[in-house]
Amino acid sequence: MSIWLIIPLIVLGLIVGVGIYDITQKRHSILRAFPVIGHIRYWLESIGPELRQYVVADNSEERPFNRDQRRWVYASSKLQNPYFGFGTESKLDSTQHLIIRHSPFPFQPDATNPQSQIPAGKVIGEWNNRPGAFRPESIVNTSAMSFGSLSGPAIEAINRGAKIAGCMQNTGEGGISVHHRHGGDLIFQLGTGYFGARGADGRFSMDKLVQTVSSAPVKMIEIKLSQGAKPGLGGVLPGPKVTKEVAEARGVPVGVTVASPSSHREFDSIPTMIDFIERIADASGLPVGIKSAVGDQAFWPELANGMKAKGAGPDFIAIDGGEGGTGAAPLVFTDHVALPFRAGFAQVFRSFAGAGMDKNVTFIGAGKLGYPGEALLALGLGADMIYVAREAMMAIGCIQAQRCHTGHCPTGIATHNRWFVRSLDPTNKSARLANYIISLRHGLLDLAHACGEPHPCLVTGAAIALLDHGHLTEPLWDRFNYDPSWLAVTPGARKELGELFEQVSSGESAKQILSPEPSRGSM
């Protein structure tokens with residue numbers, strides 16, 4: 001029999017076999033009613049995200065990041081042209097559209113600033129006289145992404161990129177791995193599982209914590225209370241994912257399932273939390289802060305007043321908006337639990353400003369703030385620094401495939417699949433991460449200069465507005481019920497930050513500039 005006859009018969013037999021299976025199976029009613037052709041429906045559904053991403057959706061429709069946002073990150077990280085032509089595609093009459101009020105007399109710097117370095121406006125740990133108090137070299141740093149959630153090469157790329165850009169990398173709650181040790185400064189995150197700081201019994205160990213943070217360039221310690229995408233939830237790392245590298249970083253046995261509880265076992269109230277913070281700060285000498293999403297309204301004024309009464313507490317507070325990212329979470333938590341950044345951060349800042357404690361704490365904002373406009377808005381609300389996570393992932397190759405929870409990230413970032421991971425080159429991607437961080441800082445400086453200020457932290461809420469109905473603008477501080485005196489810029493603060501910017505622009509050593517000696521003062 002001719003092969004040209006055999007091949008069609010085989011194909012026909014396969015089709016008949018599939019049809020018989022579809023008719024007799026009871027799991028999918030579509031396939032029972034439409035055998036064979038019903039599979040087209042499931043195939044189209046499987047590639048639906050790709051069709052919408054690349055074919056159907058316009059440049060500003062997609063979520064969580066639209067095509068214009070992703071294009072800006074990609075172009076900036078690759079040092080390509082990040083400009084857009086022919087004017088805006090945004091709907092400028094949409095409610096809550098961000099408007100920045102530029103000055104008729106923009107600031108003109110006297111010197112160049114090749115890496116667009118922006119030192120922080122506050123010295124972290126100064127209020128509590130921590131031995132390791134420091135002024136961060138960059139107001140933009142990478143947010144918590146742990147080894148385990150991300151692949152080893154991805155963590156390495158971020159760490160090496162952070163070193164190039166002069167910023168810090170947050171380790172996430174998975175401990176400090178070998179991939180974190182490529183020269184970049186670290187923020188050590190301590191989660192409810194106490195990974196990297198736990199004894200053989202799984203409980204917190206101060207000796208282990210001190211040993212861990214002393215073994216790497218850790219600048220400060222962040223105690224994670226919750227994150228924006230899934231606050232109030234713990235997590236489980238299945239045994240098969242606990243490889244030798246993961247076990248070493250987390251301080252757990254190889255191949256054994258480990259759990260992160262939903263809450264800390266070392267404290268259960270504000271007073272005991274403050275005591276825990278002070279114990280860690282005393283033992284490590286480093287500034288210690290907290291990271292949290294915003295839910296319970298009573299917690300924040302109680303914390304501010306408790307810190308004021310005790311004269312102790314967190315050196316910094318990182319607020320994660322409900323729009324923040326995660327590798328995996330229940331949909332109801334990502335959609336409905338925790339306030340979005342603007343509302344959540346404003347609530348926290350009002351609590352501390354009302355108690356007169358806002359000058360003592362460094363505030364860090366997180367939650368889709370990796371773009372100059374949104375970052376400036378966060379600074380206008382009182383943030384001193386910005387965290388970026390998913391934007392940093394896009395800089396090293398993330399295409400928003402949204403497969404993080406499956407272990408099949410096609411770019412080798414949020415997976416440990418060897419085939420996918422081998423495609424990520426840390427050397428190339430570290431340069432891209434650095435380019436993105438520098439571009440974000442450059443955009444922030446451009447906006448600040450357009451507003452007539454040398455430093456972005458000097459741009460007040462009076463220069464930022466949100467459109468309301470009928471094209472009416474509502475000043476940022478009015479929208480969130482701020483007292484203008486809370487963030488009023490004093491001559492001393494303006495002079496100090498102006499001098500810091502001039503020193504960075506002139507190329508002076510970061511070690512000279514970033515000493516904790518000068519106080520930021522009232523700002």
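Good morning. A strand, as the word is used here, is a DSSP run of E with at least two residues, numbered from the N terminus. With that in mind, please turn to Phe316, which lies in strand β9, spanning residues 316-320. The model before you is a predicted one.

Is Phe316 buried or exposed? Its relative accessible area is 0%, and since buried means under 20%, Phe316 is buried. Sequence neighbours within four places aside, Phe316 is in contact with a list of residues that includes Ile124, Met220, Pro287, Val288, Ile290, Val361 and Ile364. Asn360 stands 44 residues from Phe316 along the chain, yet the C-alpha atoms of the two are separated by 8.6 Å.

I move next to Ser116. This residue sits in the loop that runs between β1 (98-100) and β2 (140-142). Ser116 has a relative accessibility of 3% and therefore counts as buried. Which residues does Ser116 contact, leaving aside neighbours within four places in sequence? They are Ile438, Arg441, His442 and Leu445. With His442 there is also a polar contact, side chain to side chain, at 3.3 Å.

Finally, the cysteines. In general terms, a disulfide is a covalent bond between the sulfur atoms of two cysteines. How many disulfides does the structure hold? The number is zero. Cys451 is accordingly in no disulfide, and the nearest cysteine sulfur, belonging to Cys457, is 13 Å away, whereas a disulfide requires the sulfur atoms to be within 2.5 Å. Cys451 is buried, at 12% relative accessible area. Cys409 is buried as well, with a value of 9%.

Thank you for your attention.

Definitions and conventions
Residues are numbered from 1 along each chain as its sequence is written. This is a predicted model: local features need pLDDT of at least 70, side-chain atom pairs count only at pLDDT 80 or more; totals for chains, interfaces and linings use all residues. Side-chain values use heavy atoms; hydrogens and water are left out. Buried means under 20% relative accessible area, exposed over 50%, partly exposed in between (1.4 Å probe, protein chains only). Helices (H or I, at least four residues) and strands (E, at least two) are DSSP runs, numbered from the N terminus. A polar contact is a pair of N or O atoms within 3.5 Å; within protein, one must be able to donate a hydrogen and the other to accept it, and residues adjacent in sequence count only if both atoms are side-chain atoms. Contact means heavy atoms within 4.5 Å.
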